[in-house]
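Thanks for coming. I have one structure to go through today, and I will take it piece by piece.

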Amino acid sequence: MLWNLPNILTILRLLAAPGVAILFLYFHRPFADWFALVLFGLAALTDFFDGYLARAWKQETRLGAMLDPIADKAMVVIALLVITGYSGMDPWLILPATAILFREVFVSGLREYLGDTAGLLKVTNLAKWKTTAQMTAIAVLFLALGLDYTREASSARLDIDLLDALDQIGTSDLSVIDLATYDGGVVWIIGLALIWVAALLTLLTGWDYFRKALPHLGAKP
């Protein structure tokens, strides 16, 4: 039962987490951005299917229950580190990313401290929405990084004569470069908005877990 399909999907998602970062070591951008987007998206889909299949086929195991939240956290943390680094340390990204990382570390420490009573911190529907919001935001941010780098690479390769020709026909304001810049900027803003929403949900779930654990924190260890 340990090697049933739901557990295998969870393990693959866990392995995909460092794979997102490793892609940037072996591929040049923007290919690394696109591959990371695809790998992260496929891994995020397994987060739904492994739980659904485990319940539908009655194949829930303690191994799967342990690895599932670890895989989710590993995916989110590593992806945020990669995106933050390649985004030029955008403060509008660093702030929600810091809130998400703080909550994940805090709740993990809380569960470890509670030990046998950690079962009271069961995953809630709000926590599931939190995870969905995080993964959606990260996928959009990977898309924005790829678009932005593609625009920069295309701009660098453009010949001076082409730019002169665009100026002569009066279409410089509607050039491909301007369009790519606009698209990449819009996608990045959408991604930032989503990651702020995810950060808010993350903090709310962290507070909910802390509130539930509070009566047990006064007891002697």
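Which residues of helix 2 are buried? Before I answer, a word on what you are looking at. This is a predicted model, where local features need pLDDT of at least 70, side-chain atom pairs count only at pLDDT 80 or more, and totals for chains, interfaces and linings use all residues. Residues are numbered from 1 along each chain as its sequence is written, and side-chain values use heavy atoms, with hydrogens and water left out.

Back to helix 2. Its buried residues are Ala-32, Asp-33, Ala-36, Phe-40, Ala-43, Ala-44, Thr-46, Asp-47, Asp-50, Gly-51, Leu-53 and Ala-54. Buried means under 20% relative accessible area, exposed means over 50%, and partly exposed is in between, with a 1.4 Å probe and protein chains only. Helices here are DSSP runs of H or I with at least four residues, numbered from the N terminus.

Helix 2 has 26 residues and should span 38 Å at 1.5 Å a residue; its end C-alpha atoms are 37 Å apart, which agrees. The expected span is 1.5 Å times one less than the number of residues.

Now the two ends of this helix. Pro-30 sits in the loop between helix 1 (5-26) and helix 2 (31-56), and a cis peptide bond with omega of about 5 degrees joins Arg-29 to Pro-30. Just after helix 2, Lys-58 has a positive phi of about 55 degrees. Most residues other than glycine have a negative phi, and most peptide bonds are trans.

Met-89, not a glycine either, also has a positive phi of about 55 degrees. Met-89 is in the loop between helix 3 (62-86) and helix 4 (91-114), and counts as partly exposed because its relative accessibility is 47%.

Next, how do helix 1 and helix 3 pack? Their axes are 9 Å apart, at an angle of about 15 degrees; axes are lines fitted to C-alpha atoms, for helices over the stretch in contact, and angles run from 0 to 180 degrees between N-to-C directions. So helix 1 is roughly parallel to helix 3, the term for angles under 35 degrees. Among the residues that meet are Leu-14 and Phe-24 in helix 1, and Leu-67 and Tyr-86 in helix 3.

Last, Thr-205, in helix 7 (residues 176-217). Thr-205 counts as buried, because its relative accessibility is 2%. Leaving aside neighbours within four places in sequence, Thr-205 is in contact (heavy atoms within 4.5 Å) with Arg-103, Leu-126, Ala-127 and Lys-130.

Technical notes. Angles under 35 degrees count as roughly parallel, over 145 as roughly antiparallel, 65 to 115 as roughly perpendicular and the rest as oblique.
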